[in-house]
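I opened the notebook to look up a few things in one structure. The entries follow in the order in which I went through them.

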Amino acid sequence: MDVDDLDEHDDDLDAAPDGLPADLPEDPDDAPADAASEGDAPAPLALEEEPADDLPAPATTHLPAVGPRDSLRLYLREISRFPMLKPDEEHELALRVRDHNDPDAAFRLVSSHLRLVVRIAMDFQRRWMQNVLDLVQEGNVGLMRAVNKFDPDKGIKFSYYASFWIKAYILKFIMDNWRMVKIGTTQVQRKLFYNLNRERQKLIMQGFDPDAAMLSERLGVSPEQIEEMDQRLAGNDVSLNAQVGEESGGATRMDFLPALGPGIEDSLASDEIAGLLRSRLKTIIPKLNEKELYILNNRLLTDEPVTLREIGERYNVTRERVRQLETRLLEKIRQHLAGDIKDFSDAWIQS
């Protein structure tokens with residue numbers, strides 16, 4: 001058996017029968033739990049036409065696989081041992097999987113459609129140009145997902161239904177591995193990754209000079225999202241440890257990234273404010289009663305504050321009463337500090 005022998009499945013992917021669920025996924029992450037049981041009409045897949053012809057050029061960081069054709073031929077020889085199913089057998093097995101979660105029936109459904117996965121993976125291989133077995137592996141995962149979601153009472157041929165799940169998993173794998181750094185992490189970015197270049201070429205062939213506004217209107221996204229995705233697709237992976245300049249031992253790109261935490265000025269200002277507040281709080285301590293003093297020391301000024309319940313049990317009051325005492329204490333502190341510190345800000349005392 002060879003790759004060309006897989007054309008027997010072409011009829012499975014042609015006409016779309018009535019009754020296909022409307023929520024077949026473009027991305028397996030977005031698939032609902034009841035994908036096989038809701039809706040009556042098929043939803044278009046992101047790459048329902050010729051797959052992956054307009055995808056951007058992949059990064060060249062992939063290492064070539066060793067003997068991909070030999071491995072593929074060996075895999076084709078192995079899967080050719082599994083017999084094809086007749087329609088009544090397929091329906092019976094699907095019922096056993098749905099109603100009884102029969103693992104033997106699920107295995108027969110999966111094994112009999114492994115040729116279909118290879119057939120679909122070879123379509124995407126023309127642009128992927130890496131090891132096709134990687135696509136086959138992801139497609140097999142989608143096939144198993146389709147077995148669990150398939151509803152035989154919908155009157156849909158299983159191979160047609162499964163092809164959508166197989167394509168969804170293969171497409172997600174291609175996008176996740178197109179570059180070392182992912183270029184699509186949100187639903188909008190995944191949509192643009194698959195459709196942006198294709199829509200641009202379509203408009204050019206119609207005589208238009210597509211800009212971000214025109215593309216955003218056609219694809220249903222904002223112009224800013226179009227421009228962001230254009231930048232993602234046009235850029236290449238760059239190492240943050242790469243040296244800037246020709247001098248050895250010079251700065252790297254990592255050195256120019258902004259710090260994630262607060263800056264030095266903010267840290268110094270926060271420390272100065274904290275020290276000022278602690279020194280001024282000492283003057284209010286004589287004005288506090290026992291409960292307020294305990295709340296101040298064990299809830300407001302400690303790194304491990306006690307809970308309202310613990311304070312309530314200590315003084316035999318409810319948690320709501322403790323919360324009221326804490327609110328009154330904070331207001332008393334604000335009034336004291338406002339009269340003692342010039343340019344005092346309420347933001348310094350947070351409830």
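**Entry 1. Ring cluster**

I began with the aromatic side chains of this predicted model. F150, F158 and Y161 are linked into a cluster by ring pairs. Searching the whole structure, I got 5 aromatic pairs. I then took F150 with Y161: the ring centres are 5.5 Å apart and the planes stand at 55°, so this pair is tilted. F150 sits in the loop between α5 (132-149) and α6 (158-177), and Y161 sits in helix α6, so the pair ties together parts 11 residues apart in sequence. I looked up the accessibility of both partners. F150 counts as buried at 6% relative accessibility, and Y161 is buried at 1%.

I took Y294 and Y315 next. Their ring centres are 5.9 Å apart with the planes at 75°, so I noted the pair as edge-to-face. Y294 belongs to helix α11 (residues 290-300) and Y315 to helix α12 (residues 308-315), so parts 21 residues apart in sequence are tied together by this pair. Y294 has 19% relative accessibility and counts as buried because the cut-off is under 20%. Y315 counts as buried too, at 16%.

**Entry 2. The chain as a whole**

I stepped back to the fold. The chain has 13 helices and 0 strands. Of its 351 residues, 38% count as buried. The accessible surface comes to about 20800 Å², and carbon and sulfur atoms account for 50% of that surface. I also checked the contacts between residues at least 6 apart in sequence: 63% of these join residues at least 24 apart.

**Entry 3. Record check**

I looked in UniProt for annotated segments. An unreviewed entry there lists residues 134-147 and 307-333 under "domain: RNA polymerase sigma-70". In the model, residues 134-147 are 100% helix and 0% strand, with the end C-alpha atoms 20 Å apart. Residues 307-333 are 85% helix and 0% strand, and there the end C-alpha atoms are 20 Å apart.

**Entry 4. Salt bridges**

Which side chain meets D151 in a salt bridge? I found R98, at 2.8 Å from N to O. The pair links distant parts of the chain, with D151 in the loop between α5 and α6 and R98 in helix α2 (residues 87-100), 53 residues apart. D151 is buried, with a relative accessible area of 14%, whereas R98 is partly exposed at 35%.

I went on to R328 and E292, whose side chains meet in a salt bridge at 3.6 Å, N to O. This pair also links distant parts of the chain: R328 is in helix α13 (residues 319-340) and E292 is in helix α11, 36 residues apart. R328 counts as partly exposed at 42% relative accessibility. E292 is buried, with a relative accessible area of 1%.

E331 and R334 form a salt bridge at 3.8 Å, N to O. Both residues lie in helix α13, 3 residues apart, which is about one turn of the helix. E331 counts as partly exposed at 38%, and R334 counts as buried at 15%. I then traced shared partners: salt bridges join R98, D99, D151 and D153 into one network. The total for the structure is 17 salt bridges.

Is L215 buried or exposed? L215 is buried, with a relative accessible area of 1%. L215 lies in helix α8 (residues 212-219). Leaving out residues up to four places away in sequence, I listed what L215 touches: L196, E199, R200, L203, P210 and I226.

N195 is in helix α7 (residues 187-205) and is buried, with a relative accessible area of 13%. I noted 8.1 Å between the C-alpha atoms of N195 and L219, which are 24 residues apart along the chain.

**Entry 5. Surface patch**

L240, M254 and L257 make a nonpolar surface patch of about 250 Å². M254 is in the loop between α9 (223-234) and α10 (264-281), and M254 is partly exposed at 40% relative accessible area.

Technical notes: Residues are numbered from 1 along each chain as its sequence is written. This is a predicted model: local features need pLDDT of at least 70, side-chain atom pairs count only at pLDDT 80 or more; totals for chains, interfaces and linings use all residues. Side-chain values use heavy atoms; hydrogens and water are left out. Rings of Phe, Tyr and Trp (its six-membered ring) pair if their centres lie within 6.5 Å; planes under 30 degrees apart count as stacked, over 60 as edge-to-face and the rest as tilted. Helices (H or I, at least four residues) and strands (E, at least two) are DSSP runs, numbered from the N terminus. Buried means under 20% relative accessible area, exposed over 50%, partly exposed in between (1.4 Å probe, protein chains only). Patches are made of residues with over 30% relative accessible area and no salt bridge: like charges are joined within 9 Å, nonpolar side chains (Val, Leu, Ile, Met, Phe, Trp, Tyr) within 5 Å. Accessible areas come from the Shrake-Rupley method with a 1.4 Å probe; for residues, only the protein chains shown count as cover. A salt bridge is a side-chain nitrogen of Lys or Arg within 4 Å of a carboxyl oxygen of Asp or Glu. Contact means heavy atoms within 4.5 Å. UniProt positions are given in the numbering used here, feature names are shortened, and annotations may be inferred rather than shown by experiment.
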